[in-house]
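Hi everyone, thanks for coming. Let me put the structure up, and then we can walk through it together.

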Amino acid sequence: MKRRRKIGSRGNLKVRPFGCALILMVVSFSACQTGSTSADGGNPPPPPAVTATISFCDDGTVDCEPANSFAVGAVRDLVIKVAWENLPAGSHMQTLEILMPSGGPYQVTQTGLDAGGAILNSATTTRILPVAGTSIPQRQIVGNWMIRVSIDGQSVASQMVVLNP
Amino acid sequence: MIAQLRVAQIRRIAWLKAWSMLMALFMAGPVIAREQITIQKSGTNPQLRGADATLNQANPTLNLSGQPTITAGTLAAGNEHAIVQFDLSLLPNVGVKQATLTLHVITRPTAARTYGAYPIATFFNQPDVTWNTRVATTPWATAGGDIPGGATATAVVNAIGTTTAQFNVTTDVQNWYNATPNYGWLFKDQTQDNSGPFTVFGSPEATLSTNVPQLQINFVQNVSNFSATPGNNTITLNWVNPTPITGSTILEPYAGVMILRYATLPVHKSDVPTDGTTYAVCHKFAQSTVVFVSPSAATTSWTDNSACTANLADPGGPPKNGTTYYYKIFVFDNAHNYSDQPIANGTVFTEEISATPGASAAAQQNSVWVNATFATDLAAPSLFPGTVIMVASQTNLLFGLDPTFGLRKYPPVSLGGPIFSRSPIIDAADSSLAKNVIYVADSDSLVYAVATDTGQILWVVNPTGAATNAFQGGISLQLKSIAGGASNDIAIIGTRNGATTTGNEIVGVDGNTGATKWQTIGNVGGVAAMDIINTTPLVDYVNGAVWVASRSACAAAQPSLWKLNPNSGTVLATASLGDIDASPVLSFASDVLFVVYNGNHLVAGTCTAGNGVLTAINPVNGATLGTFNTGDGAIVDYPVVLGSSSPYTIIFSSKTKVQAVTFTLGTNTFAAAWPAPITLNVPSAPISITGSAYVFVGSNDGKIHELNATNGTDIKDEVANTGQPGFVGDPSLDLTLSRVYVSTTDQRAYGFAYPF
């Protein structure tokens with residue numbers, strides 16, 4: 001089981017690792033399928049769990065300092081970064097759902113990820129959510145927004161971000 | 001003898017009754033069924049929205065589309081992927097039950113190979129698509145095509161004997177009818193070992209019709225023209241049962257409709273019937289109740305006289321005055337297949353309607369239609385009055401709706417990214433393309449021309465060539481039919497690249513071809529720094545200009561109002577007013593330009609919101625004529641200007657109010673037009689026209705408000721979104737049908753007749 005990671009001091013992650021089941025579905029050459037064994041000749045070691053870490057920052061701030069709470073009137077673009085670890089070999093599809101405080105979908109985007117021929121230790125995707133000048137500040141769509149990410153249809157992580165009035 | 005005659009007479013009467021009932025049934029409604037159709041490009045089905053290509057890793061920048069064949073293989077020189085996209089326009093309003101894709105094998109591999117069918121996850125443009133790129137300069141996220149990790153289905157092609165490859169693609173097609181964009185399929189070898197084998201399949205352009213790919217779909221159609229008429233403690237529902245689609249085969253007799261009801265909220269999206277299950281009246285789903293199951297396939301009307309007991313917010317029994325009731329209708333066949341997509345937790349599309357009974361007409365409400373858009377989008381729907389409504393979404397879909405009953409004219413158009421603003425529709429008589437066309441820009445940095453009659457993408461371009469130049473505002477068009485000259489219509493739009501406060505740009509695109517005519521780039525070629533553009537440009541035919549409003553890095557030190565030559569992009573004038581997020585508007589005579597700047601200012605390095613300032617500008621020289629401080633935060637989206645000559649009335653929404661002011665040219669003064677601003681819960685932009693008695697505005701209270709244009713009095717409201725809060729977007733007015741259209745955050749668009 002992968003340990004939870006925090007984003008700076010303000011992290012509040014919900015990480016749901018998933019392992020061999022997904023690997024069996026999508027990987028051609030993982031330990032799950034090749035049957036490679038551990039050094040002591042016992043069962044093969046489980047593949048490392050896929051994890052995703054979601055972080056946010058305001059593109060209009062210096063160095064885009066990560067945070068989980070923003071003043072809606074001051075945010076220019078909300079940068080949503082998803083840091084993947086232990087992606088199985090092959091091509092994958094990340095689905096990122098941005099849910100409004102009411103729970104309804106605001107945006108759903110898909111991004112391709114290519115791990116190549118081996119497990120990819122780390123990869124990061126970035127999604128820009130425009131805020132300044134959009135209906136978010138104009139119509140005061142504020143409160144607890146939820147970001148969910150999945151890989152190849154398997155939900156992996158979710159993270160709340162607060163847009164304050 | 002008498003007894004025998006009587007028996008014979010009874011038999012004859014009984015036979016005549018049966019015959020007349022059969023004839024009545026036959027004449028009242030055609031026999032319909034769960035249908036099956038095979039979609040294939042042909043002379044009668046041109047598949048205008050279809051596409052195909054081969055992506056070749058060995059020639060990664062080569063476009064191989066429109067060829068008679070497509071290839072999937074794993075050659076020594078590199079892999080090859082085949083892509084096929086079907087146009088499903090024959091089936092705009094259906095529940096999909098089964099979908100089978102057949103590719104015809106032209107050349108078999110040297111050894112048996114297994115091929116997978118994958119739904120493509122990102123937008124591509126057939127004339128541009130290559131191994132590396134999906135649209136001109138826009139690369140795939142993963143070279144060779146963006147696809148999920150697993151194939152939807154696989155098929156084996158043997159070295160000997162195999163003539164077709166068939167894939168069960170039911171889930172993909174159902175997803176396409178449940179909010180997932182349809183970008184077609186990619187086919188590839190399941191073991192890409194570069195060992196050499198490949199298979200050549202017939203493409204939609206195959207010379208022999210027998211080699212053209214086929215998509216066979218079993219489906220149940222929805223009803224059309226679903227309406228609800230409120231009365232005094234009554235609601236009457238009407239609908240039109242479907243007729244078989246031309247070319248389809250009837251598999252199951254059509255049996256009737258089932259109607260679910262809920263009160264105060266729409267029927268929950270998870271309340272959908274399961275195929276093969278029979279439901280009795282008063283069956284309770286998680287939230288809603290079955291209130292009607294039609295006794296025959298000919299039934300087209302029902303007055304709600306429900307005797308069902310209460311279910312959560314539904315008080316049960318027949319409708320009660322003052323309560324809003326929501327209905328969802330499903331067609332079913334003899335095998336009880338229903339007209340929805342059976343996907344757990346999916347966003348299910350079917351026909352919906354709502355009505356509120358009342359003791360008097362004034363107390364009654366009803367939507368004319370409700371349409372599921374699966375997404376949040378608060379931009380005003382675009383429309384060709386009385387002909388078509390185009391509703392954008394933030395899930396990359398563009399819906400073409402019939403304005404009378406809100407039915408989809410075709411399955412939604414799948415674009416590259418979310419669309420945030422209203423897009424212009426130009427009718428064929430006025431368009432240099434001579435087509436009914438909508439120009440759309442999205443956050444995928446792409447601009448599209450889409451035929452509103454068919455949903456066909458006529459062209460798509462990345463006009464700036466950069467993937468970071470997303471579009472937030474809408475497009476403005478300089479029409480050749482008005483401007484004259486030799487140039488085609490010109491589509492003009494500004495970029496929203498949040499990473500720069502100086503390097504955004506305004507671009508002009510040929511409306512017929514999509515070719516970039518000019519680019520005006522901040523800090524390039526003597527142009528001043530240009531911040532993000534959240535607004536829609538405004539073409540000023542009288543003064544030969546296009547006006548564009550931008551932000552200005554939260555200060556007034558760089559321009560935020562731009563006056564350009566629409567034919568060349570040359571900057572004619574600028575004004576540094578501070579951040580602007582509302583689109584500029586002109587008076588009817590083009591003698592005053594109204595612009596609203598936000599009043600944003602820097603406080604300890606942080607951009608802080610201020611109060612919007614309505615500014616009257618001389619469009620000839622750009623001079624400021626007068627200002628009016630709204631005192632209530634920034635203005636929402638755009639003001640509306642009424643009147644054919646000065647004094648003009650300007651109506652606008654701010655953070656908590658709707659206000660109307662007059663502006664008198666000459667004295668250059670603003671004055672209040674209404675006794676007092678109207679306080680609403682975060683209003684949308686208003687809509688009205690000169691001479692109208694009404695102003696319509698959405699609100700976060702879930703309603704669309706009908707205001708008196710003279711004094712602002714809130715006359716009557718219609719419920720459009722029951723969410724908490726219920727955000728209602730900017731309304732559009734259809735003067736031909738006397739309708740107001742609006743989209744909301746509850747993933748729907750609504751039509752209402754006005755006056756309310």
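Here is one to start with: which residue takes a positive phi in the hairpin of β48(B) and β49(B)? The residue is B:Gly666, with a phi near 105°, and the hairpin has 4 residues between its strands. Strands here are DSSP E runs of at least two residues and helices are H or I runs of at least four, numbered from the N terminus.

Some housekeeping: this is a predicted model, where local features need pLDDT of at least 70, side-chain atom pairs count only at pLDDT 80 or more, and totals for chains, interfaces and linings use all residues. Residues are numbered from 1 along each chain as its sequence is written, while chains are lettered from A and ligands numbered from 1 in the order in which they are written.

B:Phe663 has B:Phe670 as its bridge partner in β49(B).

Zooming out, chain B has 3 helices and 57 strands. Its C-alpha trace spans about 105 × 80 × 50 Å along the principal axes. Of its 756 residues, 56% count as buried, that is, with 20 or more other C-beta atoms, placed from the backbone, within 10 Å of their own.

How far can we trust it? Chain B averages a pLDDT of 92, and 95% of the residues score at least 70; pLDDT is the predictor's confidence in each residue, from 0 to 100. The model scores ipTM 0.87 and pTM 0.89.

Note on methods:
A residue is buried if 20 or more other C-beta atoms lie within 10 Å of its own, exposed if 12 or fewer, and partly exposed in between; C-beta atoms are placed from the backbone. Two strands pair if DSSP finds at least two bridges between them.
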